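Hi,

Here is the structure I promised to pass on. Have a look first, and my notes follow below.

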Amino acid sequence: STSELDYNIALNHRMITGNGALDMRLTFASKGQKYFDLFNSERASIPEQKYFDFITTYTTNNGNRNTEFYIKNIDDSRHLIGIDRGSEVEGSVLNATIGAPRTYGVNFGINF
């Protein structure tokens, strides 16, 4: 299944400091409506989805260390990312997969 229109728009900004660089990125993603059966039935469709992600990374001047902070799905929207149809024996139930809620974290890296 593919949608007719998917797009991402990102804003990037870099700030140089005395000890390294701080990179920031805000991304807006839009995923168009998708159908998950051969007949494009409304029962097996996923509506358009939109969400924002943010990531900031600090890298030392020598590039040996970096720290990254991220937030995905900033507005904590609940959206479907997939639908699987069960067998006729089961009554053709639909099994839905829901995208992750707002997720945030920190990553550390060392290059040697």
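A quick word on terms: strands (E, at least two residues) and helices (H or I, at least four) are DSSP runs, numbered from the N terminus. Keep in mind that this is a predicted model, where local features need pLDDT of at least 70 and side-chain atom pairs count only at pLDDT 80 or more, while totals for chains, interfaces and linings use all residues. Residues are numbered from 1 along each chain as its sequence is written, and side-chain values use heavy atoms, with hydrogens and water left out.

The protein chain has nine strands and zero helices. Five strands form an open antiparallel sheet in the order E1-E2-E5-E6-E9; two strands count as paired if DSSP finds at least two bridges between them. E1 (6-16) and E9 (103-110) each have a single partner strand, so one side of each has no neighbour in the sheet. Inside it, E5 (residues 49-60) and E6 (residues 65-72) pair over seven antiparallel bridges, and Asp 53 has Lys 72 in E6 as its bridge partner.

Now to Ser 3, which sits in the segment before E1. Ser 3 is buried, with a relative accessible area of 16% (buried means under 20%, exposed over 50%, partly exposed in between, with a 1.4 Å probe and protein chains only). Leaving aside residues up to four places away in sequence, Ser 3 touches Gly 32, Gln 33 and Lys 34, where contact means heavy atoms within 4.5 Å.

Over the whole protein chain, 24% of the 112 residues are buried. The C-alpha atoms fill a box of roughly 65 × 25 × 25 Å along the principal axes.

Cheers
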